[in-house]
Each structure stands twice: as structure tokens, then as C-alpha cells.
Amino acid sequence: MAISTKALIVSAVALLTLLVAAPMASAHSQVTGYSPADGSSLDASPATASVSFNEVPQSQFATLNVVGPDGNIWSEGDARVEGQSVVVDVNELGPIGEYTLAYRITSADGHPVSGTATFTLTQEGSGTPGAPADASGSSEESEDSFLGGYGQIALIAVAVLAFAGALAFALRKPQGVRKPKNQK
């Protein structure tokens, strides 16, 4: 049973379409809430800060920092995953102003998700700031690395096309066998 080249090409294109469309269809983790709530005003320091998601984030590489209006970190210790939330302890806050929750997690599908939310402290606290936020030593990978984050898809596409080409070559119809001129 011979497979036509046309059927092979159609199959390869369909497989490639599925490989490209499936990762795009699987959504990354989505934020479902913040504590303190985004845009809220508080007159006292919260004990913890958290970001909740629609699915359980991977516990590796989860970060959450509270950065004050002075540019210093006011959260304490490492962030931890509790259920579908990333939580960090918060020191007694200090200056009045806008505080930023800055998070970065790895979603269940393996893609990094990051963002910020803010709340305002309306009564000055007596806390002592941590290190400056830009000196925290955290290095973030660029999502623009290796073909804008679609590097794995590109590699899979190349592999599928190479496989399809090899299969087409292996299944090609042999051309007529030539007899040497001195044979009849």
C-alpha cells in the first residue's frame, strides 16, 4: 500500500497545525485575586501579602515581594505556594504611600507569569525597610529569549518537517530501473 505524497503533506501540515495551536490554546495561570486587594487603602500593615491564581502554580521559582514607596523591600523571607496562592510574610510597613506587590511564578504549563498590583498605606508605620528592591539580586529570565518563547514549538515544527521529508523520501515510488546498454 503506497501513501501518496499529497496525503503525506496534508498529514504533516495537520500535525504541525495541532502542535502549534495546542500550546496557544492552553492558557497560562491567571490571577484571581490579591491580598491586600489591588488599589485598596490600608491604615495598618498586613501580616502577609498574596496573589491567587486559577490553578496551582509550581512551587519552584515563585517570588513575591512587597516594595514600598521608598523603593525598599518590605516583605520578609521567601514566598511560598499555599494551594492556588503565592504568599509572603510582610514586615511592619513604614512610610505612607503606594506599595507594590511584584510577583513572578511558573504556571502549571511551565510558562513564567509575572505582574504587579498596588495598595496604599494611609497611616505611617514604624517598620524598618529591607534592602533596596533593585539590589535584591533576583535575576529574571527574559520571556523574549529563544524565538520569543516559541523556541520549543519551532524545534518541534522542524522535527516534524524533517520526519515528514524523510518519510516522503522513504515512501517514494522508485523510478524505472535502467538496464545497462549492452544488455538486451
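## A first look at this predicted model

Going from one end of the sequence to the other, the protein follows the pattern α-β-β-β-β-β-β-β-β-α-α. That makes three helices and eight strands in total. Keep in mind that what you're looking at is a predicted model, with a mean pLDDT of 81 for the protein.

**The protein as a whole**

- There are 184 residues in the protein, and 25% of them are buried.
- The accessible surface comes to about 11,900 Å², with 57% of that belonging to carbon and sulfur atoms.
- Take the contacts with a separation of 6 or more: 64% of them are between residues 24 or more positions apart.

- Four strands form an open sheet in the order 2-8-7-4, and the pairing is mixed.
- Strand 2 (40–42) and strand 4 (58–67) sit at the edges, each pairing on one side only.
- On average, neighbouring strands of this sheet are turned by 25° against each other, direction ignored.
- Strands of a sheet pair through backbone hydrogen bonds, and they can do so either parallel or antiparallel.
- Strand 7 (residues 97–106) and strand 8 (residues 112–121) run antiparallel and are joined by 10 bridges.

**The nonpolar core**

- In soluble globular proteins, nonpolar side chains tend to be buried together.
- Here, the largest nonpolar core has 20 residues, and the ones with the most contacts inside it are Leu64, Val66, Val86, Leu93, Tyr99 and Leu101.
- Strand 3 (48–53), strand 4, strand 6 (85–90), strand 7 and strand 8 each give two or more residues to this core.
- Leu101 is a handy place to start exploring: leaving out residues up to four places away in sequence, Leu101 touches a list of residues including Tyr34, Pro36, Ala49, Leu64, Val66, Thr116 and Phe119.

**A closer look at Thr106**

- You'll find Thr106 in strand 7.
- Thr106 counts as buried because its relative accessible area is 14%, and the cut-off for buried is under 20%.
- Apart from neighbours within four places in sequence, Thr106 is in contact with Pro57, Gln58, Gln60, Phe61, His111 and Pro112.

Terms used
Residues numbered from 1 in each chain as written. Predicted model: local features only at pLDDT ≥ 70, side-chain atom pairs only at ≥ 80, totals over all residues. Heavy atoms only, no water. Buried < 20%, exposed > 50% of the residue type's maximum accessible area, 1.4 Å probe, protein only. Contact = heavy atoms within 4.5 Å. Areas by Shrake-Rupley, 256 points an atom, 1.4 Å probe, with all protein chains shown as cover. Pairing = 2+ DSSP bridges. Axes fitted to C-alpha atoms, helices over the stretch in contact; angles between N-to-C directions. pLDDT = per-residue confidence, 0-100. Core = buried A, V, L, I, M, F, W, Y, C linked by side-chain atoms within 4.5 Å.
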